[in-house]
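Here is a short note to read beside the sequence and the structure. The points go from one region to the next.

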Amino acid sequence: MRLVFLVSLLRILRHRDAIGADLAPDEAVVLDPPDAPLRAALTAATAGDHGPARELLASTRAHAQWERRDAYVSRLARTALHHDGWLDAWLAESPEDPDTLLVVADFHLHQAWKVRTSARAKDVERDQFQAFFALLEDAVPVIGAAAELNPADPVPWRIALTHARGTQAPREVFDAYLAEAEARDPHHFGCHAQALQYLCAKWYGSHEEMFRYAERVAASAPPGSRLHALPLQAALEYRLSEADEPEGPDPYGPKVDAALTRALSLSDTYDGAGDREAAGFRNELALLLIMSDRPAEALDVFRSIGVHATEYPWNRLGDPRAEFLEARSDVRLDLASRIPLFGRPPRPPAVAPDWAALTPRAVAIVPAPPATVAQAALICGFSLRTAPAGEGYSYVEVVPEATRGRRAALLPEEPLTAAAETFTTGETWPALVLHRTPERCTVTALHQGRQIATHTWDAESPAPDHADVQDTAGDLARLFRVADPRPLAHILRATGDPVRHQAGLVTALGLPPVPPGFGGDTEILGGIPGARVQVRRSILAGMRDTMTTSTGSHPSAPGDGAPRTARWWLTRTAALALVGTGAVVAWWSPRIGWFRASLLSGAALYLAGSLASALRRRGRTAS
């Protein structure tokens with residue numbers, strides 16, 4: 001058993017970075033990213049201006065874009081949970097506007113479900129239920145008014161179906177709402193998805209009724225409609241029902257397989273990777289393929305998802321973005337463990353998307369000279385560019401490489417953060433790592449190899465908890481020797497303009513300003529006078545250079561070294577054969593402990609690595 005584990009581990013170490021090399025990088029993945037018009041409306045709303053949201057929904061109403069209207073309404077309502085002033089102003093200005101009332105109606109439902117939470121009924125407190133039903137009652141006249149003011153719109157009836165599920169409405173009420181929705185748009189995905197929830201076993205139906213409904217709707221849907229993924233949603237709902245896992249043969253196994261086949265065919269009808277419309281059912285498809293032990297197909301679906309992770313279904317497992325990334329990583333590890341040690345991994349698609357434009361930009365500001373930082377970073381496993389940032393300060397960024405080092409491939413953190421954890425270890429000075437995207441800016445403070453504090457400004461997120469902000473501000477003040485943490489706390493609590501707040505915090509900490517061009521190109525430090533690139537080293541070469549580089553001088557580029565003698569080759573080859581054989585015997589024999597087997601394996605890997613490195617140097621010298 002231990003030998004099987006060792007072989008799997010070696011396969012993973014060898015092949016893991018080749019599997020899914022064309023996937024979007026972890027740091028580029030975002031949760032439910034809005035399209036450009038919605039992003040503009042959300043940004044304005046959080047700043048108190050409802051004008052762009054009003055124009056956006058008026059356009060969807062005028063052009064009968066009901067699916068898009070539904071998605072926009074839901075996202076605006078969720079944003080109003082944290083920034084409600086703009087919605088109050090809009091309602092006061094236009095109390096008879098069907099767009100306003102639609103957002104208000106959905107806002108009441110989001111507010112109610114936030115109070116109730118997604119826990120099962122037995123885990124919800126009595127006072128939570130009372131508040132939940134009171135908020136749902138407030139939504140009734142608003143839903144009715146929204147439906148009356150725009151009779152052709154199916155979206156109020158999607159909200160009514162959600163309301164019926166929350167209020168435990170009887171079947172005849174549900175049927176009446178569903179009939180009204182289908183009369184306006186028989187193929188509206190949001191209405192049918194809410195109906196499916198009402199009919200599932202955990203609410204008011206059963207697995208059989210849920211599958212029957214989903215299959216009927218999908219059978220009548222036009223070609224290319226997302227409704228062909230409704231059986232997939234039913235299958236995933238069934239698989240995620242922990243209390244209803246069958247002990248014997250799975251009675252719904254054929255229905256699950258049929259749903260997967262239908263959803264895979266639907267996914268193939270969309271062109272290219274990263275389609276925003278297909279992201280919802282593709283995320284569900286990836287999870288169900290994983291649960292069905294079909295990792296190769298799941299990896300292909302992750303390729304098609306690109307950077308567009310969605311809150312559902314991953315929120316059923318935990319933090320949605322973290323669960324998405326972990327599932328994607330597990331698929332890569334699973335596939336790598338199945339490839340023979342000296343086999344070839346499957347080739348990625350010939351044309352891979354370029355994710356560079358979507359990757360968050362990252363730069364670190366360090367209160368130490370560039371040569372000192374470079375010397376501390378010799379064993380970090382990344383190629384870095386350092387540049388002076390004033391007297392006694394440095395900027396640092398990761399230099400992208402065609403192939404990552406093996407240590408970098410195994411590190412779970414974003415590259416610059418992982419590098420900073422290494423080069424701050426054992427040093428007296430900290431590092432502040434900045435990340436920037438159009439919607440989100442983050443700062444992470446590190447010291448002694450540990451993340452001390454982190455904070456994110458998001459255009460849509462509410463102001464963070466005051467106590468949490470005070471703790472973060474206190475940590476930053478101690479780390480960067482700021483006497484008064486209160487200005488820091490004020491900046492950390494700010495909302496609306498992430499880029500401005502991030503730059504303001506850097507200034508308040510007494511650090512050099514954010515370098516020019518940050519947030520644009522991937523590499524921005526090359527134009528700064530004195531910038532230098534430090535090439536990634538192996539861990540042994542890094543340790544050697546750490547001990548031989550004089551303090552205060554910039555490490556030189558790694559050289560090829562002296563040619564190896566025949567005696568060197570002979571002794572190490574013989575030692576590898578001997579130690580490798582001993583390692584295999586140690587893992588195979590139950591009488592030899594795991595500690596000795598691990599030591600022998602480590603020695604064999606070291607010898608193999610030194611021989612491989614010498615062969616590469618010999619090839620470069622010959623060429």
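1. A residue is called buried when its relative accessible area is under 20%, exposed when that area is over 50%, and partly exposed in between. The model is a predicted one. F595 has a relative accessibility of 51%, so F595 counts as exposed.

2. Where does F595 sit? F595 belongs to helix α26, which covers residues 594–622. Together with W594 and L599, F595 makes a nonpolar surface patch of about 390 Å².

3. An unreviewed UniProt entry annotates residues 594–615 as "transmembrane region". In the model, residues 594–615 are 100% helix and 0% strand.

4. Is strand β6 enclosed by the rest of the structure or open? Strand β6 runs over residues 431–436, and six of its six residues are buried, so β6 is largely enclosed by the rest of the structure.

5. Which strands pair with β6? One partner is strand β3 (residues 361–366), which is antiparallel to β6 and joined to it over five bridges. Within this pairing, A364 has V433 of β6 as its bridge partner. Strand β7 (residues 440–447) also runs antiparallel to β6, and six bridges join the two. Here L434 has V443 of β7 as its bridge partner.

6. T46 is part of helix α2, residues 36–46. With a relative accessibility of 10%, T46 counts as buried because the cut-off is under 20%. A polar atom of the T46 side chain lies 2.8 Å from the backbone oxygen of T43.

7. P34 is in the loop between β1 (30–31) and α2. P34 has a relative accessible area of 6%, so P34 is buried. How far apart are P34 and Y72, in sequence and in space? The two are 38 residues apart in sequence, and their C-alpha atoms are 9.0 Å apart.

How values were computed
Residues are numbered from 1 along each chain as its sequence is written. This is a predicted model: local features need pLDDT of at least 70, side-chain atom pairs count only at pLDDT 80 or more; totals for chains, interfaces and linings use all residues. Side-chain values use heavy atoms; hydrogens and water are left out. Patches are made of residues with over 30% relative accessible area and no salt bridge: like charges are joined within 9 Å, nonpolar side chains (Val, Leu, Ile, Met, Phe, Trp, Tyr) within 5 Å. Accessible areas come from the Shrake-Rupley method with a 1.4 Å probe; for residues, only the protein chains shown count as cover. A salt bridge is a side-chain nitrogen of Lys or Arg within 4 Å of a carboxyl oxygen of Asp or Glu. Helices (H or I, at least four residues) and strands (E, at least two) are DSSP runs, numbered from the N terminus. Buried means under 20% relative accessible area, exposed over 50%, partly exposed in between (1.4 Å probe, protein chains only). A polar contact is a pair of N or O atoms within 3.5 Å; within protein, one must be able to donate a hydrogen and the other to accept it, and residues adjacent in sequence count only if both atoms are side-chain atoms. UniProt positions are given in the numbering used here, feature names are shortened, and annotations may be inferred rather than shown by experiment. Two strands pair if DSSP finds at least two bridges between them.
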